[in-house]
Amino acid sequence: MPSDTDSNFDLLTSLANAAALDQRKWAWFLQALSDAAGGIKLHLFSQDQTTRSVLSHITHGYDSKYLDSFETYYRTMDVRSSRIARLPVGRAVINRDVLSDEEMMRTEFYAEWLRPQEDILGGGVMVLERGAGRLTAIGGSIRRCDRSRLEAPFVRLLQRLAPALQNAMTVSRTLGELALENRVLRDSLDPEISAILALDRNGRLHYTNSRGEKLCREGRVVQVNWNAQLRFVEPQAQAALARALHDNRLPEIRVSPPFFMPESPRMQYICRTTPLGPDDGPLPWIAPAGRLASDFLLLALAPMARPTPRVSRQPIIG
């Protein structure tokens with residue numbers, strides 16, 4: 001039975017505050033929330049607002065084989081994604097208020113992913129934050145047979161937790177952005193003028209600072225494809241990025257050489273990559289831990305003037 005007591009609420013807010021400093025503790029929070037909500041399945045996830053696909057997720061209660069199939073195939077198929085992207089921030093809603101049962105039951109996502117998991121048609125969702133082309137949300141999945149008993153209490157509890165969860169996201173993002181800037185500074189680049197972007201092992205974009213977002217929007221230096229993957233426009237720079245992503249998967253290779261990306265005859269970027277992971281401290285995005293953890297790659301692009309061609313010195317007469 002759901003149990004929204006003050007002691008449960010105090011425990012959940014305490015765990016959310018702890019997870020703001022150590023994202024590995026989001027797994028503890030989701031387990032405690034599941035217990036308080038009657039044993040439902042839970043997911044905390046980030047979503048790309050352009051492609052409407054889930055970038056990363058931290059879950060509780062789902063079978064591992066369904067998580068694998070979600071990551072490899074169904075990640076882009078949940079038809080609720082576009083509706084979730086338009087929800088007001090901080091407002092918990094029931095799933096059928098996002099997409100009706102009739103619409104959902106006509107989809108492959110329901111037939112092949114939701115229904116085989118004890119028909120988890122019910123549940124609720126709440127957007128926690130939105131910005132820079134991405135959003136973070138939390139949701140729960142409830143069996144159809146348990147909806148009348150668990151759904152409304154879960155959404156009420158989620159709404160009650162909204163301030164604590166949003167505060168945890170703000171703290172984690174602020175500390176994470178400072179950590180990334182320090183990483184860039186340690187690589188001898190100026191974070192004030194550098195575009196900072198973070199990619200997972202598949203090249204999907206999880207974070208940009210304001211300069212990185214501007215580069216993606218303009219599309220002259222880097223572009224983001226339908227699968228939220230970042231690509232350089234210039235082939236040699238793209239090949240260097242692909243090597244860095246490959247090297248980042250190898251434990252014996254942790255440093256990739258810098259490379260250059262020309263934008264115009266007068267200006268180019270020096271590009272440096274640095275490995276990142278959940279163990280590096282707070283990150284300004286949702287980073288899963290454990291079996292589904294992804295090693296991230298921090299990419300920094302700093303503008304630099306092209307070298308001036310040497311001109312032979314003319315003798316001075318007189």
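Where is the place of Asp 119? Asp 119 is in the loop between α7, residues 108-114, and β4, residues 122-131. Keep in mind throughout that this is a predicted model.

I start there because of the backbone: most residues other than glycine have a negative phi. Asp 119 is not a glycine, yet its phi is positive, about 55°. Its relative accessibility is 16%, and buried means under 20%, so Asp 119 counts as buried.

Arg 52 is another case. Arg 52 is not a glycine either, and its phi is positive at about 60°. This residue lies in the loop that runs between β1, residues 41-48, and β2, residues 54-60. Arg 52 is partly exposed, with a relative accessible area of 28%.

A glycine with a positive phi comes up just after helix α9: Gly 219, at about 75°.

Now the helix itself. Which residues of α9 are buried? In α9, which covers residues 210-218, they are Gly 212, Leu 215 and Cys 216. These three lie on the same side of α9, because they cover an arc of only 95° around the axis.

Next, the aromatic residues. How many aromatic pairs does the count come to? The count is 10. One of the pairs is Phe 232 with Phe 259, in an edge-to-face arrangement, with 5.7 Å centre to centre and 80° between the planes. This pair links distant parts of the chain, 27 residues apart: Phe 232 belongs to strand β9, residues 230-232, and Phe 259 to strand β10, residues 259-264. Phe 232 counts as buried at 5% relative accessibility. Phe 259 is also buried, with a relative accessible area of 9%.

There is also an aromatic cluster. Its members are Tyr 62, Tyr 66, Phe 70, Tyr 73, Tyr 74, Phe 109 and Trp 113. Tyr 62 has a further contact to mention: the charged end of Lys 41 sits over the Tyr 62 ring, 6.0 Å from the ring centre.

Which ring does the charged end of Arg 160 sit over? That ring belongs to Phe 9, and the charged end of Arg 160 is 3.9 Å from its centre.

To go back to the opening residue: Asp 119 has a positive phi and counts as buried, whereas Arg 52, also with a positive phi, is partly exposed. That is the end of my part.

Definitions and conventions. Residues are numbered from 1 along each chain as its sequence is written. This is a predicted model: local features need pLDDT of at least 70, side-chain atom pairs count only at pLDDT 80 or more; totals for chains, interfaces and linings use all residues. Side-chain values use heavy atoms; hydrogens and water are left out. Buried means under 20% relative accessible area, exposed over 50%, partly exposed in between (1.4 Å probe, protein chains only). Helices (H or I, at least four residues) and strands (E, at least two) are DSSP runs, numbered from the N terminus. The arc is that of the directions from the helix axis to the C-beta atoms. Rings of Phe, Tyr and Trp (its six-membered ring) pair if their centres lie within 6.5 Å; planes under 30 degrees apart count as stacked, over 60 as edge-to-face and the rest as tilted. A charge sits over a ring if NZ of Lys or CZ of Arg is within 6 Å of the ring centre and within 35 degrees of the ring normal.
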